[in-house]
Amino acid sequence: MSGFAGQMRAGGGGPRRGLWLTFLSPFGLELAGGCGAEWIGIDIQHGDLGIADVAPLARVSPVPVLVRLASHDEAQLARVLDAGVDGVIVPAVESAGQARRLVQAAYFPPRGRRSAGLARVSLLGRRDQPLLLPMVETRAGLDHLDDILGVDGVDGTFVGPYDLSLSLGQKSVLEAPVVSAIASVIDRTRERGRIAGIFTGNRELTGLIPAPDLLGVDTDAAALRAGLKRLFD
């Protein structure tokens with residue numbers, strides 16, 4: 001198969017720039033369809049979106065859809081995958097054991113224990129296995145990065161720089177220890193032939209780190225504020 005997930009696993013064409021959704025409705029996403037984003041990330045951990053918003057947004061999205069989960073909850077992960085998305089980003093993964101449990105939840109038997117049933121994904125035909133991207137956003141995640149990447153079924157990592165800066169005791173994502181840690185995660189992930197992703201929301205930070213495969217440029221909220229400011233300046 002040659003869908004988005006398969007292309008990314010094969011090392012296809014990064015960095016791909018994405019828009020992070022925190023409140024945008026399906027109609028709003030249709031209006032923004034020509035904005036240039038190559039993927040969208042639906043955030044159900046923070047912001048105003050929840051599981052019920054995933055399928056309607058996926059239906060109208062002109063580009064691949066990733067979803068940042070709110071937790072490691074297996075039922076939530078399964079419901080999101082049932083919506084027919086292209087991958088999940090899982091917050092605060094800190095050990096190989098946590099990563100293995102996520103793989104089990106994301107794959108159907110015999111590899112995993114995900115349940116099959118009537119859902120939007122079952123109407124879409126044969127598809128690539130969705131990407132599974134654990135977030136590295138704590139000191140523990142950094143310390144166990146190689147163990148996490150060693151778990152079969154983990155497709156790569158996705159850095160959360162803002163929580164990472166807090167975990168490292170730094171005031172800003174632009175502090176040298178944070179930038180160094182992010183660069184290490186990206187480089188070590190790519191050395192393993194895996195997918196390296198990050199949400200920056202900060203052009204200066206983007207310029208300080210190695211190019212990732214998936215770059216979350218900024219949020220829908222930031223885009224709205226910037227557009228309104230230009231309109232009324």
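On a 1 Å grid over the protein atoms alone, a pocket is an open set of points where a 1.4 Å probe fits, with protein on both sides within 12 Å along at least five of seven lines, and its lining residues have an atom within 4 Å of a point. The model shown here is predicted, so to speak in its own terms: local features need pLDDT of at least 70, side-chain atom pairs count only at pLDDT 80 or more, and totals for linings use all residues. Residues are numbered from 1 along each chain as its sequence is written, and side-chain values use heavy atoms, without hydrogens and water.

**View 1. The second largest pocket.** Here Phe108, Arg114, Val121, Gly125 and Arg127 lie nearest the centre, among 17 lining residues. The space amounts to about 250 Å³, a volume being what probe spheres set on the grid points fill, with points joined across faces, edges and corners.

**View 2. The largest pocket.** Its volume is about 650 Å³. Of the 23 lining residues, Leu19, Cys35, Val217, Asp218 and Ala223 lie nearest the centre. Helix α11 gives the largest share of the lining, four residues; helices (H or I, at least four residues) and strands (E, at least two) are DSSP runs numbered from the N terminus.

**View 3. Where the barrel closes.** Eight strands form the barrel in the order β1-β2-β3-β4-β5-β6-β7-β8, with parallel pairing; two strands pair if DSSP finds at least two bridges between them. Five bridges join β1 to β8, and Gly18 sits opposite Gly216. Gly216 is also the bridge partner of Phe199.
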